[in-house]
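Subject: Structure handover

Hello,

Here is the structure I said I would pass on. My notes follow it.

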Amino acid sequence: MGATVVAVCTSGEHTFSKPVRDGITLLAGLGVEGDAHLGVTVKHRSRVAQDPTQPNLRQVHLIHEELFAEVAEAGFTVAPGQLGENITTAGIDLLALPEGALLHIGDDAVVEITGLRNPCLQIDQFQGGLLKQVVGRAADGALIRKAGIMGVVRVGGEVRPGDRIRAVLPEGEHRPLERV
């Protein structure tokens, strides 16, 4: 079947969860039209407090639907948009993508992957104990962040549920994703 968009979400307010929409518009260099995180510079409140001139590497938040099935095994119910993502995907291992990978979504949109979402305490405020499910440890003790990836919009376009996703990996040595 291949990689697809399961759901798209946006909120003009700084809310933790985002309502599911019929479609969203990605704007090159800015992010998701109408979303609180739209812009060239950071919009995440804690990042703005540190330095409001930082580039916005978190214009688009993507989460793999497979995470919802994983946390369901531990008794949690999570639906698209509830963890604040803009695009819920299926059939693509987002966490395995390297920095700089390009996701071609739908007919026109292209999102460049910048890094991992850093899960925060708001996840436990949403559902107590859920944070432990989206953060783990590798055998070597390294932290594993599973709450999705972040990207910037390189080419704008409409994105709707059912759209195909095609990943193009960068040339050269692949850099694993770090938190952004």
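How many helices and strands are there in the chain? There are four helices and 13 strands. Please keep in mind that this is a predicted model.

Overall shape and surface

The C-alpha trace spans about 40 × 35 × 35 Å along its principal axes. The radius of gyration is 15 Å, which agrees with the value near 16 Å that a compact globule of 180 residues would have. Of the 180 residues, 45% count as buried. Taking contacts between residues at least 6 apart in sequence, 67% join residues at least 24 apart. The accessible surface comes to about 8,900 Å², and carbon and sulfur atoms account for 51% of that. As for charge, the chain carries 17 positive and 22 negative side chains. The centres of these two sets lie 6 Å apart.

Strand β3, residues 24-27, is joined to β12 by three bridges in the antiparallel sense. Within that pairing, Ile24 of β3 has Val159 in β12 as its bridge partner.

Strand β7 covers residues 102-105, and its side chains alternate. Leu103 and Ile105 point to one face and are buried.

With β8 (residues 109-116) the pairing is antiparallel and runs over four bridges; here Ile105 stands opposite Ala109. The two strands form a hairpin with three residues between them. Gly106, in the turn of that hairpin, has a positive phi of about 65°. With β13 (residues 165-168), β7 is again antiparallel and joined by four bridges. In that pairing Leu102 stands opposite Val168.

Two buried loop residues

Is Lys146 buried or exposed? Lys146 lies in the loop between β10 (143-145) and β11 (149-155). Its relative accessible area is 18%, so Lys146 counts as buried, the cut-off being under 20%. Leaving out residues up to four places away in sequence, Lys146 touches His64, Leu67, Glu70, Leu95, Gln133, Val134 and Val135. One of these contacts, Leu67, is 79 residues away from Lys146 in sequence, while the C-alpha to C-alpha distance between the two is 7.6 Å.

His37 is the other loop residue on my list; His37 sits between β4 and α1 (45-50). With a relative accessible area of 17%, His37 is also under the 20% limit and therefore buried. Which residues is His37 in contact with, leaving aside its neighbours within four places in sequence? They are His14, Lys18, Leu30, Lys43, His44, Asn56, Arg58 and Gln59.

That is what I have for now.

Regards

Notes
Residues are numbered from 1 along each chain as its sequence is written. This is a predicted model: local features need pLDDT of at least 70, side-chain atom pairs count only at pLDDT 80 or more; totals for chains, interfaces and linings use all residues. Side-chain values use heavy atoms; hydrogens and water are left out. Two strands pair if DSSP finds at least two bridges between them. The radius of gyration is taken over C-alpha atoms; the globule rule is 2.2 Å times the number of residues to the power 0.38. Buried means under 20% relative accessible area, exposed over 50%, partly exposed in between (1.4 Å probe, protein chains only). Contact means heavy atoms within 4.5 Å. Accessible areas come from the Shrake-Rupley method with a 1.4 Å probe; for residues, only the protein chains shown count as cover. Lys and Arg count as positive and Asp and Glu as negative; His and the chain ends are not counted. The place of a charge is taken as NZ of Lys, CZ of Arg, CG of Asp or CD of Glu.
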